[in-house]
Amino acid sequence: MANIKDVAKEAGVSVTTVSRVMNNRGYISEKTRKKVYDAIDKINYHPNELAKNLQQQKTNLIGLILPDISVNFYAEEAKYIEEELYNRGYKLMLCNAYNSSKRENEYINMLQRNKVDGIIIGSHTLEIEDYLKINLPIIALDRYLGENIPVICADHVQGGRLAAKHLIDCGCKNVVQFAGYNKVKLPANKRHLEFTKTMIENNINFKTIEMGLNSFTDEENLDYIDYMFENYKNIDGVFATDNIATLVVKEAMKRGKKIPDDLKVVGYDGTKNSELFNPILTTIKQPIKEICIDAVDKLIKLIDGEWIEEKEINHTITLIKGETT
């Protein structure tokens, strides 16, 4: 593999001159600059960026740990974070924890060994103490990982209230919401608490089906949906994340229910795929792109030594009216 000495020999100049050309330092004549670049092309030289970055105590690498990138919501997060990092001169190391504490812990150790500049974490399978031991700038995506780790998320209180009021305004009297595993403290839990509060305030009969920790597969979700239809025969409204909401609509139609006449369904997330679903899903849209851009911005500020005063940053959400309500 060619090195900088080979470039200098081929160009007929010193190693120092090659270094100055490559780093654009000091005056170099155009003739000399051309000789160096021609030599680089001829011998196919590639600088050792890792060694250079480690010398500067900066690698321009960022780690991103997500629970399951096969889920549309997390795939979109990965896309927007990679785009924003690239635009700001960073490269991404994507880690799919796949709901495994062992994998998440191994990825964290790997990222630290590779000297990434910081980590964005959207999974939560470890104990809080494990995250606090990480000696790197960290931003959490919709997760509480420790009181000094900033959290970027949607305004879930607003989301729960919007969903509940919309179903009530549509005339629903018997409602089911699918909620995440509430033993883990997450910002998203607030939307279910607010949904519950709004239903009680309006004297609406409702039930909550609590999902297991990190339940993402269609098979798992269909088990919960079957349970709902078998045990709550008179439901007329459902609130769930987009991936579950679309399955609810499909299963309801299989059972001969008309959407939205017999059953009204409100999703939560507003991913690109929800826009393609037929019938078009009514959903509470999280500003996924804005959340991801903010997460990157806050992480770079931490890397640059800035202090983030606000520890939970909530982004405004919107109700997107579709054909399921």
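Student: Which elements are included in what covers the buried residues of H10?

Tutor: The model is a predicted one. Contact is judged by heavy atoms within 4.5 Å. By this criterion, the cover over the buried residues of H10 includes strands S6 (174-179), S7 (205-210) and S8 (237-239), together with helix H11 (242-254).

Student: Which residues of H10 are buried, and which are exposed on the other side?

Tutor: Buried means under 20% relative accessible area, and exposed means over 50%. In H10, the residues Asn-221, Ile-225, Met-228 and Phe-229 are buried. These four lie on the same side of H10, because they cover an arc of only 90° around the axis. Glu-219 and Asp-223, on the other side of H10, are exposed.

Student: How is the span of H10 to be read against the expected value?

Tutor: The expected span is 1.5 Å times one less than the number of residues. H10 comprises 14 residues, 218-231, and its first and last C-alpha are 20 Å apart, close to the expected 20 Å.

Student: In what order do the six strands of the open sheet stand?

Tutor: Two strands pair if at least two bridges are found between them. Here the order is S2-S1-S3-S4-S5-S11, with parallel pairing. Strands S2 (91-96) and S11 (312-315) are at the edges; each has a single partner strand, so one side of each lacks a neighbour in the sheet. On average, neighbouring strands of this sheet are turned by 20° against each other, direction ignored.

Student: How many bridges join S1 to S3?

Tutor: Four bridges connect S1 (residues 61-66) with S3 (residues 118-121), and the two run parallel. Ile-65 stands opposite Ile-121 in S3.

How values were computed. Residues are numbered from 1 along each chain as its sequence is written. This is a predicted model: local features need pLDDT of at least 70, side-chain atom pairs count only at pLDDT 80 or more; totals for chains, interfaces and linings use all residues. Side-chain values use heavy atoms; hydrogens and water are left out. Axes are lines fitted to C-alpha atoms, for helices over the stretch in contact, and angles run from 0 to 180 degrees between N-to-C directions. Buried means under 20% relative accessible area, exposed over 50%, partly exposed in between (1.4 Å probe, protein chains only). The arc is that of the directions from the helix axis to the C-beta atoms.
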